[in-house]
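Please walk me through this structure, taking a sheet and then a single residue.

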Amino acid sequence: MKVCEAMVKCLEAEGVLDIFGYPGAAICPFYDALSRSSIRHILVRSEQNAAHAASGYSRVSGKCGVCVATSGPGATNLISGIASAYMDSIPIVVLTGQVDSSLLGRDVFQEVDITGAVEPFIKHSFLVKDPARICRAIKEAFYIASTGRPGPVLVDVPVDVQERETRFSYPAEIQIRSYRPSSKGHAGQIRRAAEALRYADRPLLCVGGGAFAPGAGEALDRFLSKVRLPVVHTMMGIGAVPQTAPLKLGMIGVHGERGANLALNRADLLLLAGTRVADRSIPQPELLSHDKKVIHIDIDPAEIGKNIPADIPIVGDLGLVLDQLTAELSHLSFRDWEHEIGFYQHRAPSAHAGDWTDPALFLRELCRRLEPGAILAADVGQNQIWAARQFQVPFGRFLTSGGMGTMGYAIPAALGAKIAAPERQAVAVCGDGSFQMSMMELATLRQHGAGVKLIVFSNNRLGMVREFQQRQYGRTEAVALDGSPDFLTIAAAYGFPAFRVERDAEIPAALDALFRGEGTALLEVRVSPDEPTLPPELVEF
């Protein structure tokens, strides 16, 4: 069979049901073969959004998402999405077409060295020139993307190679001599961690996005049922800790909860579980670590000690390591520490005042309307922080671009999530700036009948940039979104119902209208141009 046909057969062998992409000449042989497959292709309107949609699909399905693009600008448009998946450890497989192999290096039409371009922020990449290598390359791509620390893997195939003949032989299993990711933690380190927990007075568990790895959530529940610890989480860890956890304090970091940050500072032992400890979570780790013992569990040894010194590093799969640690411990509780934590769990009421809609109040009401298991994809900027601080949905998932902070993420990620789990509610929360970076995907939502509810916070500003400029320079520049369209008219042009809320009193009726049907609908939420990201009492914290 042809290589292009083998590529499709490989995807079928991996159990791929849906892929996101945008065709072009250099990938047309693959698309011709795809037309004879049961795999569903979701045509996005911009290649970057194919990568974001594959990311959202992966995070909800637990499988590798797949995206496809042509050579040159098609491939380069994927770069921001690839980097976003890399920073947030999301497994996706990226297929790109390439110019004729005999013309490589000649700067011909739409030639780009995409494997070289993405090298700093991809887990691995392949340029397949030998037809006999295609099956193994794709098998390795899925294996590498989904094992160890997950991440994106790219397979680049020249157009002439796609048309050549090959023998289809897809490996049942794969072993790569130079790639052997850790699984269980070192037994000696497990014992050291258990001993440190026994002798701690004020231990604190910090949960990151690694808690969404297969099996990690269940292991976390088992650990917390045996060791009664206060728990905080990073933005990527939102939803990993059950809302019913009695000692849950919320999100840490520059945009986190005051109580969570106070507990972080007071703790004498910090157990980091599946988190990179990035600057948004712990801005000054060297100051934090000098007076506490740090246990750091991560699948990627490169992340341990990179941002915060670790007294007890444990490399391994988070679920397996937590089960090892649970088996090593008897039931533990810390009553004096729990009593202190009780004072930190109080959340200050919103200080919003004025005639505009209160975003915190709106998001609390939104979350109350969502069904258990609902998915909320937040874009980047003020809307992201408002949503992160208010998200409370039983068994829900909070999706966002945490490491890269890529504007335009929410709509395609929600699309991918809805394709992966059509039975679950999916909501995209955007600002008026980020909405305009991916509003072309309303066409994709309509074409494929994906019922995503769209929330657009509108203040005619790049709100977070405005705040930063005002605080840093005392003035603002290039943050006014004058000339933006009427978002209700935009939605209507795509055939979607749309509504607007401008006052707190209008919120219940507006949400009733938004959720009246199963299909896509848009709600514009007007907020003050001067609305802060954080409540005033936390701005200087």
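**A sheet and a buried threonine**

The polar atom of the T520 side chain that concerns us here lies 2.7 Å from the backbone oxygen of A450. The model is a predicted one. The T520 side chain also reaches the backbone nitrogen of V452, at 3.2 Å.

Where does T520 sit in the chain? T520 is in the loop between α22 (507–514) and β18 (521–526). With a relative accessible area of 6%, T520 is buried, because the cut-off for that word is under 20%. Apart from its neighbours within four places in sequence, T520 is in contact with L445, A450, G451, V452, L454, F496 and P497.

Six strands form an open sheet in the order β9-β8-β7-β10-β11-β12, and their pairing is parallel. β9 (248–251) and β12 (312–315) are at the edges; each has a single partner strand, so one side of each has no neighbour in the sheet. On average, neighbouring strands here are turned by 15° against each other, direction ignored. Strands of a sheet pair through backbone hydrogen bonds, either parallel or antiparallel.

β7 (residues 203–207) and β10 (residues 269–273) run parallel and are joined by five bridges. In this pair, L205 stands opposite L271 of β10. Which helix lies across these strands? Helix α10 (residues 216–226) lies across β7, β8 (231–233) and β10, and runs at about 165° to β7.

Methods:
Residues numbered from 1 in each chain as written. Predicted model: local features only at pLDDT ≥ 70, side-chain atom pairs only at ≥ 80, totals over all residues. Heavy atoms only, no water. Helix = DSSP H or I, 4+ residues; strand = E, 2+ residues; numbered from the N terminus. Buried < 20%, exposed > 50% of the residue type's maximum accessible area, 1.4 Å probe, protein only. Polar contact = N/O pair within 3.5 Å; in protein donor to acceptor, adjacent residues only side chain to side chain. Contact = heavy atoms within 4.5 Å. Pairing = 2+ DSSP bridges. Axes fitted to C-alpha atoms, helices over the stretch in contact; angles between N-to-C directions.
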